[in-house]
Amino acid sequence: MDNKTSDPNWRVIVDAIADPAAVIDQSGVVIHLNPLLADLFPRARVGYSVSLISREPALLKAIATARGGELRSIVQLHDRVPVERKLTAIITALGVDEFEFGKPAFLTVFRDLTDQERHAQLRADFVANASHELRTPLASLKLIVETLLGAGRDDTASKDRFLGMMAAQADRMTQLIDDLMSLNRVEMRAHLPPQDTVDIGELLAQVVQALEPLADSNGVNLALLPILDPIRVQGERDELNQVFLNLIQNGIRYGYEGSSVTIDIKQTHAPVGGSRTAISVADTGIGIAADHLPRLTERFYRVNASASRAKGGTGLGLAIVKHIVSRHRGELLVESELGKGAVFTVLLPTMPKPSVFDV
Ligand SMILES: Nc1ncnc2c1ncn2[C@@H]1O[C@H](COP(=O)(O)OP(=O)(O)OP(=O)(O)O)[C@@H](O)[C@H]1O
Ligand SMILES: [Mg+2]
């Protein structure tokens with residue numbers, strides 16, 4: 001037996017490769033595979049043909065090409081079972097002259113492109129959605145300008161109405177850009193834990209005060225339930241402000257004359273992981289059907305796009321909320337039933353020793 005190839009070191013190197021990798025012999029039999037490959041292809045086995053990894057003819061052909069003297073060949077594989085995925089395989093000939101069974105002849109490294117492609121797709125969808133959202137008010141603006149320049153030129157009575165409509169469309173575009181920028185800012189800071197300390201009761205009192213005029217004009221009853229002791233959380237004031245502004249605004253916006261929005265702040269004591277503060281925003285408005293719930297925090301997702309747009313919504317509010325809450329190591333829970341209102345609960349880790357700040 002030649003001991004060189006049974007030297008364990010090359011196996012350690014293959015195990016250390018940060019991608020799924022297998023070493024195969026001249027006849028296409030797998031002689032070693034790393035843990036990542038075992039995860040990616042649970043059917044792959046040492047001592048069996050590489051065709052257990054993938055039956056794709058392109059892979060077998062690429063190995064044959066490498067056997068024919070090519071140093072390196074790259075193939076794209078499209079697996080459909082057990083799940084649909086796209087992979088790249090890079091086959092490198094290890095430069096063995098003699099044909100010998102059971103000896104390393106090729107290194108095959110795989111790269112799963114599925115995630116990468118999904119991200120590219122999400123990005124493309126996002127750009128398409130954002131452009132569409134901007135194009136809608138822009139098209140309205142253009143139409144109004146054309147009317148003012150054409151048929152409406154001498155219609156002084158309608159002029160004010162048209163100018164008002166133009167201002168509303170311009171506001172809509174500004175709102176959309178502001179929301180996009182704030183989503184971007186939150187995403188860029190996603191990995192940085194917030195540093196400040198925020199008195200959550202005080203913050204909510206301010207948000208409620210700021211939204212009272214909107215609630216009044218919609219005929220919605222807005223109430224913040226009192227709390228006994230101040231509760232402090234580690235967080236960024238501006239970001240948390242945005243979270244509750246969005247949630248309470250939604251409660252008002254998707255309510256109706258006579259419905260209510262109630263905010264309740266509670267401490268929850270978990271046996272593990274420390275205590276958390278639960279802030280719930282409960283409304284008695286139109287509610288959300290169960291099939292929409294899982295998608296609510298997707299960018300631009302709206303149950304009824306035209307109704308939301310009519311109320312000045314961009315569909316980015318909850319996407320921003322979700323990002324901010326996760327940056328705060330918190331959780332966002334939604335419970336709702338169509339026609340029965342909705343409860344959005346934000347759970348945030350409470351500051352461990354509030355007494356320190358009382359000094
Ligand atoms: N409290 C609620 N009651 C009923 N439906 C809601 C409620 N909150 C959110 N929704 C639904 O979820 C959708 C997404 O909400 P989100 O806050 O992300 O966007 P938006 O309110 O349409 O716009 P904005 O970006 O201005 O917040 C809304 O369009 C609405 O259909
Ligand atoms: Mg909203």
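# Close-up views of a predicted model

**View 1. Gly235 sits in a loop of this predicted model.** The place of Gly235 is the loop between β8 (232–234) and α7; helices (H or I, at least four residues) and strands (E, at least two) are DSSP runs, numbered from the N terminus. Gly235 counts as buried because 28 other C-beta atoms lie within 10 Å. The rule behind that word is this: a residue is buried if 20 or more other C-beta atoms lie within 10 Å of its own, exposed if 12 or fewer, and partly exposed in between, with C-beta atoms placed from the backbone. Not counting residues up to four places away in sequence, Gly235 touches Pro194, Asp196, Val198, Leu240, His328 and Leu348. Here, two residues are in contact if their C-beta atoms, placed from the backbone, lie within 7 Å. From Gly235 to Ala64, C-alpha to C-alpha, the separation is 59 Å in space and 171 residues in sequence.

A word on reading these views: residues are numbered from 1 along each chain as its sequence is written, while chains are lettered from A and ligands numbered from 1 in the order in which they are written. As this is a predicted model, local features need pLDDT of at least 70 and side-chain atom pairs count only at pLDDT 80 or more, whereas totals for chains, interfaces and linings use all residues.

**View 2. The chain is divided into three stretches: domain 1 (9–112), domain 2 (115–188) and domain 3 (192–358).** These bounds come from an automatic or database domain assignment. Between the C-alpha centres of domain 1 and domain 3 there are 51 Å.

**View 3. The largest nonpolar core has 35 residues.** A nonpolar core is a set of buried Ala, Val, Leu, Ile, Met, Phe, Trp, Tyr and Cys residues joined through C-beta atoms within 7 Å. Which members touch the most others? They are Val243, Phe244, Leu247, Ile248, Val261 and Val321. At least two residues of this core come from each of α6 (200–218), α7 (237–253), β9 (260–269), β10 (275–283), α9 (317–327) and β12 (342–349). Apart from this core lies another, of 24 residues, including Val30, Val50, Leu59 and Ala105. In soluble globular proteins, nonpolar side chains tend to be buried together.

**View 4. Val261 has contacts from several parts of the chain.** Leaving aside neighbours within four places in sequence, Val261 is in contact with Ala215, Val220, Leu222, Ile248, Gly251, Ile252, Gly255, Val281 and Asp283.

**View 5. Ligand 1 has 23 residues around it.** A residue is near a molecule or strand if its C-beta atom, placed from the backbone, lies within 6 Å of it. Those that come nearest to ligand 1 are Arg302, Val303, Gly313, Gly317 and Leu318. Sorted by class, the shell has nine nonpolar, 11 polar and three charged residues. For this sorting, Ala, Val, Leu, Ile, Met, Phe, Trp, Tyr, Cys and Pro count as nonpolar, Asp, Glu, Lys and Arg as charged, and the others, Gly among them, as polar.

**View 6. Helix α3 (residues 57–67) has a buried side and an exposed residue pair on the other.** Its buried residues include Leu59, Ala62, Ile63 and Ala66. Why do they share a side of α3? They cover an arc of only 100° around the axis, which puts them on the same side of the helix; the arc is that of the directions from the helix axis to the C-beta atoms. On the other side of α3, Pro57 and Lys61 are exposed. The buried residues of α3 pack against β3 (72–79), β4 (85–93) and β5 (106–112).

**View 7. Gly69 follows α3.** Its phi is positive, near 120°, and Gly69 is found in the loop between α3 and β3.

**View 8. Phe300 and Arg329 are two residues other than glycine with positive phi.** Phi is near 70° for Phe300 and near 55° for Arg329. Phe300 is found in the loop between β10 and α8 (305–310), and Arg329 in the loop between α9 and β11 (331–336). Phe300 counts as partly exposed, with 18 C-beta neighbours inside 10 Å; Arg329 also counts as partly exposed, with 14.
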